[in-house]
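Open the model in a viewer and keep the sequence panel in view. The stops below run from the whole chain down to single residues.

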Amino acid sequence: MSDSLTWLRRIRTNYSLRTITGLTRKVSVCPLPSHVHSNNTASFSIFIDRETGVEKWHCFGCGLRGDVVDIIGYAKIPGYDPIKAEHIKAAVSLLRAGYEMSPTDHKPQTKKTLPPDLYRMFPLGDKVIEYGKTRGLTADTLEAFGVGQADKNTLVAALERLGENASWVTNRTYMTLPTFHFGALMMIKLRDISARSKGRFIAMPGSAPGLFGFSNIYNKSFPIAIVKGEIPVMVLWQRGIEHVAAPTAGEGMIDEKWKVFVSYATNRIVIGDNDPQKVKDKLAAAYVKRCHVFGAKLHFPPEEHHDVDDWVLSDPRAMDTIRQWLYEGVHL
Ligand SMILES: [Zn+2]
């Protein structure tokens, strides 16, 4: 182990997660700002990792996990990436400066809704169009889903309109991904387009979980596909799989009531990611829940592809296979 890692490890054991978070119960309401609270379900647990003896936390609602350094990272550093040395250093310096989460950081949120036209504050911009290209998406597709670009000024303006704190906003550019149910704006997700890892998202305060692509699947008497995220939804849609959607929040927040939205579907499939077997095993329960809620059969891309969008973009046979899955056993 390198010197800096030993040092980091000591930091991780020297500070108490319970003291820093102010959470005393075994399971609490998640204190992270990126956690989307539709109701204040206790989903955040603190435990001692048996292998290392280090205090750790895990939220089965938003799916994030980590140790005392990571909790500060996710709470205070926008776009925090737990494997980025600069992010870890920034979190550690906050720890050493005596930072503790204030009780207001994790006060149960009152239910708010987003104004339906909020997404219009983020028109599509060049940087997001460029980023979309790298993910195989055309500007027309982005436009069709109401995707836009948030820069510092527009983001601050939107947060001020909502009466939310805007002091954390930096010069980053985000792709904005709105989710609508029956015309109500459920969520705007902000994806940092400079972050290398996928899945680095912040939710606009006041967001609630939903289904991205809701109108593609609601009450449709066609085969439907549920995929893992917004970008895969758009990639499949652009290639002619119209009836596709993705939950916008972690498995813990998939609503059993959504089942009724897809009750007319003639077939339902869930397409998962090819994570390493260890991660796949960990996610098994999550996939079971997803399949249970949607009454769906689970499929994975061929092993050499990590996720469905990578597969579709690099293998010309992918769309045929997905269509076969969709129409398996369906009488036309
Ligand atoms: Zn959470």
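Two residues are in contact if their C-beta atoms, placed from the backbone, lie within 7 Å. Among contacts in the chain between residues at least 6 apart in sequence, 62% join residues at least 24 apart. The model is predicted, so local features need pLDDT of at least 70 and side-chain atom pairs count only at pLDDT 80 or more, while totals for chains, interfaces and linings use all residues. Residues are numbered from 1 along each chain as its sequence is written.

**Whole chain**

Start with the C-alpha trace, which spans about 65 × 45 × 35 Å along its principal axes. The radius of gyration, taken over C-alpha atoms, is 20 Å, which agrees with the value near 20 Å for a compact globule of 332 residues. That globule rule is 2.2 Å times the number of residues to the power 0.38. Switch to a cartoon: the chain has 12 helices and 13 strands. These are DSSP runs, numbered from the N terminus, with helices being H or I of at least four residues and strands E of at least two.

**Domains**

Colour 3-106 as domain 1, 118-208 as domain 2 and 214-327 as domain 3; these bounds come from an automatic or database domain assignment. The centres of domain 1 and domain 3, taken over C-alpha atoms, are 31 Å apart.

**Helix 3 and helix 4**

Select residues 68-76 (helix 3) and 85-96 (helix 4); their axes come within 8 Å and cross at roughly 100 degrees. Axes here are lines fitted to C-alpha atoms, for helices over the stretch in contact, and angles run from 0 to 180 degrees between N-to-C directions. Helix 3 and helix 4 are therefore roughly perpendicular, a label that covers 65 to 115 degrees. On helix 3 the contact is made by Val68, Val69, Ile72, Gly73 and Lys76, and on helix 4 by His87, Ile88, Ala91, Val92, Leu94 and Leu95.

Now centre on Gly73 in helix 3. Is Gly73 buried or exposed? Gly73 is buried, with 23 other C-beta atoms within 10 Å. The cut-offs are 20 or more such atoms for buried, 12 or fewer for exposed, and partly exposed in between, with C-beta atoms placed from the backbone. By this count, buried residues make up 38% of the 332 residues in the chain. Leaving aside neighbours within four places in sequence, Gly73 is in contact with Tyr80, Pro82, His87 and Ala91. From Gly73 to His87 the C-alpha distance is 7.0 Å, across 14 residues in sequence.

**Core around Ala225**

Next, select Ala225. Ala225 is one of the residues that touch the most other members of the largest nonpolar core, which has 86 residues. Such a core is a set of buried Ala, Val, Leu, Ile, Met, Phe, Trp, Tyr and Cys residues joined through C-beta atoms within 7 Å. Beyond four places in sequence, Ala225 touches Leu236, Ile241, His243, Val244, Ile269, Ile271 and Leu326.

**Loops**

Pro301 is in the loop between strand 13 (297-299) and helix 11 (308-314). Pro301 is buried, having 21 other C-beta atoms within 10 Å.

Most residues other than glycine have a negative phi. Phe182, in the loop between strand 6 (174-181) and strand 7 (184-192), has phi near 50 degrees. Phe182 counts as exposed, with 8 C-beta neighbours inside 10 Å. End at Asn219, in the loop between helix 8 (214-217) and strand 10 (223-226), where phi is near 60 degrees.

Technical notes. Angles under 35 degrees count as roughly parallel, over 145 as roughly antiparallel, 65 to 115 as roughly perpendicular and the rest as oblique.
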